[in-house]
Amino acid sequence: MQTVIEYTKTIFYAVLIAAVFRTLFLQPYYIPSGSMKETFLIGDFLFVNKMAYGYSRYSCPFAICPISGRLFGSEPERGDVIVFRHPTNGEDYIKRLIGLPGDRINLSDGVLHINGEPMPQTAAGQFSEPYARQSRTGMVPRCATRSGNPEECLKDRYIEEFPESGGHVILNIADQSSDNTPVYLVPDGHYFFMGDNRDNSIDSRVRQTFGGVGMVPFENLIGRAEWIVFSSSGRSLLQFWNWRSDRFFKAVQ
């Protein structure tokens with residue numbers, strides 16, 4: 001009986017320590033969609049730094065932390081890749097921070113404008129991925145072009161630069177309505193996000209009433225993505241032949 005009690009206490013303390021660590025320091029996050037390609041691929045596993053912006057009720061599982069606003073809060077920077085709680089559907093999303101409070105954001109012919117200034121884009125070749133049903137989502141990737149190889153899907157690749165954070169990769173698939181938007185004014189205490197896979201991302205360009213992200217309140221930010229620690233394109237982690245070893249312990253840019 002004493003042995004059972006000791007095992008139970010050990011398990012309880014281990015779970016408690018893991019829960020505290022996950023709440024206060026690092027949270028694992030799995031990439032379920034292609035909206036942040038090529039920065040993230042479906043099947044990437046990340047560590048999210050929860051200390052980066054302080055803590056809110058969304059720092060705890062099921063938003064159970066009895067916190068109003070944020071504790072030890074610090075402002076995010078444009079270009080940060082952030083996990084946040086969707087303002088209406090309760091799911092966790094990951095996108096790149098584009099607009100800060102008071103910013104005016106719009107796209108014109110696919111070029112991002114911040115406060116009337118276009119952000120430089122430099123062509124950087126093409127992003128290639130298999131043209132096949134992605135096992136983890138059941139979806140076939142959208143392509144800008146098809147190469148001579150019927151199994152290859154290509155997207156146009158660009159380096160977009162922010163004055164504050166330097167360059168990051170974005171992808172373009174085709175000309176579409178989301179490449180030309182009205183001007184969005186970011187309210188106080190809110191942020192504007194977009195996916196790096198610009199033509200395949202439901203983000204702040206789409207109103208929440210239409211299933212989009214809209215403007216995200218500061219308290220909904222959970223943490224900043226720091227490292228890809230593991231990546232696999234297969235359905236099972238045991239399928240080592242589907243591991244992407246070149247993405248292990250890769251810093252997020």
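**View 1. N197, a buried loop residue.** At 0% relative accessibility, N197 counts as buried, because the cut-off for that class is under 20%. The model is predicted. N197 sits in the loop that runs between β13 (190–194) and β14 (216–217).

**View 2. The largest pocket.** The largest pocket holds about 620 Å³ of space. Its lining counts 35 residues. S35, K95, N200, S201 and I202 are the closest of these to the pocket centre. Strand β4 (residues 92–99) gives the most to the lining, with four residues. By class, the lining of this pocket divides into 13 nonpolar, 12 polar and 10 charged residues.

**View 3. The largest nonpolar core.** This core has 15 residues. Y29, F40, L46, V81, I94 and A225 touch the most other members. At least two core residues come from each of β2 (44–49), β3 (81–85) and β15 (221–231). Strand β15 gives the most, with three residues. In soluble globular proteins, nonpolar side chains tend to be buried together.

**View 4. Contacts of A225.** A225 is among the members of the largest nonpolar core that touch the most others. Residues up to four places away in sequence are not counted here.

Methods:
Residues are numbered from 1 along each chain as its sequence is written. This is a predicted model: local features need pLDDT of at least 70, side-chain atom pairs count only at pLDDT 80 or more; totals for chains, interfaces and linings use all residues. Side-chain values use heavy atoms; hydrogens and water are left out. A nonpolar core is a set of buried Ala, Val, Leu, Ile, Met, Phe, Trp, Tyr and Cys residues joined through side-chain atoms within 4.5 Å. Buried means under 20% relative accessible area, exposed over 50%, partly exposed in between (1.4 Å probe, protein chains only). Contact means heavy atoms within 4.5 Å. On a 1 Å grid over the protein atoms alone, a cavity is a set of points where a 1.4 Å probe fits but cannot get out, and a pocket is an open set with protein on both sides within 12 Å along at least five of seven lines; lining residues have an atom within 4 Å of a point. Grid points are joined across faces, edges and corners, and a volume is the space filled by probe spheres set on the points. Ala, Val, Leu, Ile, Met, Phe, Trp, Tyr, Cys and Pro count as nonpolar, Asp, Glu, Lys and Arg as charged, and the others, Gly among them, as polar.
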